[in-house]
Amino acid sequence: MSRPRRSVQFQHRGSNGHHGRRPSISETSEGLSEPGSPGPRTMNGNSESASLTRSPSTLQKEPKPQTEYEKKKETFITRTIWTFVMIAGFFAAMFAGHIYILAIVTAVQIVSFKEVIAIANVPSRAKNLPFTRSLNWYFLGTTMYFLYGESVIYYFKHIVLVDRILLPFATHHRFISFMLYVMGFVFFVGSLQKGHYRFQFTQFAWTHMALYLINVQSHFIMNNTLEGMIWFFLPASLVITNDIFAYICGITFGRTQLIKLSPKKTVEGFVGAWILTILFGFAMTNVLMRYKYFICPANDLGSNFFTGLHCEPNPVFLPQEFTFQPPLLLHSPPRTFHIAPMQFHILVFASFASLIAPFGGFFASGLKRTFKVKDFGESIPGHGGITDRMDCQFIMGFFAFMYYQSFIAEYRASVGGVIETAIQGLSAEEQIEVVRGLTKYLVGQGQVGEGVFECLAGVLPRRRR
């Protein structure tokens, strides 16, 4: 056999100085990764490396990890965008009408309840207790039925009590609510399982705590809205602006730590925000008092800012004359000035929003630290959960309702109250006499024609003597 000629070398494809072997994939990829070096070409002029199959690792470049600055920048942008979205939605709902604010408050309390329950309900999956979450939602529904029913009956009794279908539900509302709760209580006792007593009773107590801290206090926020839009908007805006002022004052001249639960809170920011919140409250109250849409009760849920509301304003919104004697000028005549009493009440509202309401946020911070979570949820991108934004609003709304009912509200006889008294305290014959007497009075005042009285006198039966 003849030996091959050693001097003859066969040119291999893609040989790049590696004589006698075909280049590997890794070598080809290295060649491709060099942007400045042209690859060997074949006779038809195409790059030989394009004919080789690339590995998936070369096609998928690993994403470059974000720096700490980029993460903070992205979070700040997201937080800012959603802040403006929430502000725009809030004002749009407020100008659209009371019914939209009530819908927002309802959604807030449902989501907040879900977030608070979720942070303590994780072990229920591992313990295979299927009715734990169902009972939580059942108690929520029962509580909302009772609270909403109380508000509807109180503010709209002139509609509810004259309806044949709604009247039985209105007159027996509290008993129906109680029986619904008892049914849930019995079901809870029946669902107790051996070995899980501690966990189930803990969940039962946790659910009732969430109902009180979230839903009961949200109920008073709804009542504030029905009493007048100002009693909803003013407390909410005071809490929001106080939080902003505390942040600005804290980063500007804050030095002394206020509370360990929130290390970033400072005494200087706390006090500075109090002063600025009072000034903001004075200015905002002066603006809101000019519009009846804000100061009138919601006697028509179909109204909005453009249609307006009509009522006799509460005297607290009307300027009154006050006399002031300067202490350093005792021999001079007293100074007289006019101001609405609401301007004095706003001192109390602003002080509570600045000095007490933030402790609702501190309470929420302690709760999150207990369960070792950063936020209650992720309902609002960049802000965490709904509860993280509403922790101070719940207690502020509760206070606003109590203060309004104690020092500002006027207790007059209302149409609904008169109808309720007539239905519950008078017999059918006495109610007919009331109708006949009111009709006769209105005829004498010229409010209705005599034909109305004659028509009713012919239709209504006479009272038996």
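## Rings and helix pairs: worked exercises

Phe 90, Phe 91, Phe 95, Phe 232, Phe 233, Tyr 291, Tyr 293, Phe 294, Phe 305 and Phe 306 make up one aromatic cluster. This is a predicted model, where local features need pLDDT of at least 70, side-chain atom pairs count only at pLDDT 80 or more, and totals for chains, interfaces and linings use all residues. Residues are numbered from 1 along each chain as its sequence is written, and side-chain values use heavy atoms, with hydrogens and water left out.

**Exercise 1.** Find where confidence is lowest and where it is highest in the chain.

*Solution.* Start with pLDDT, the predictor's confidence in each residue, from 0 to 100. The chain averages 81, and 83% of the residues score at least 70. Next, go helix by helix (helices are DSSP runs of H or I, at least four residues, numbered from the N terminus). The lowest confidence is in helix α1 (residues 25-32), with a mean of 42, and the highest is in helix α9 (residues 173-190), at 96. Over residues 4-53 the pLDDT is below 50.

**Exercise 2.** Work out how the rings of Phe 399 and Tyr 403 are paired.

*Solution.* Rings of Phe, Tyr and Trp (its six-membered ring) pair if their centres lie within 6.5 Å; planes under 30 degrees apart are stacked, over 60 edge-to-face, and the rest tilted. Here the centres are 5.7 Å apart and the planes sit at 35 degrees, so the pair is tilted. Both residues lie in helix α16 (residues 386-408), 4 residues apart, about one turn of the helix. Now check burial (buried is under 20% relative accessible area, exposed over 50%, partly exposed in between; 1.4 Å probe, protein chains only). Phe 399 has 18% relative accessibility and counts as buried; Tyr 403, at 11%, counts as buried too.

**Exercise 3.** Describe how α14 and α16 are arranged.

*Solution.* Take the axes, which are lines fitted to C-alpha atoms over the stretch in contact, with angles from 0 to 180 degrees between N-to-C directions. Those of helix α14 (residues 342-355) and α16 come within 11 Å and cross at roughly 155 degrees. Angles under 35 degrees are roughly parallel, over 145 roughly antiparallel, 65 to 115 roughly perpendicular and the rest oblique. So α14 and α16 are roughly antiparallel to each other. Finally, look for contacts (heavy atoms within 4.5 Å): among the residues that meet are Phe 349 and Phe 352 in α14, and Phe 399 and Tyr 403 in α16.

Definitions and conventions. Helix = DSSP H or I, 4+ residues; strand = E, 2+ residues; numbered from the N terminus.
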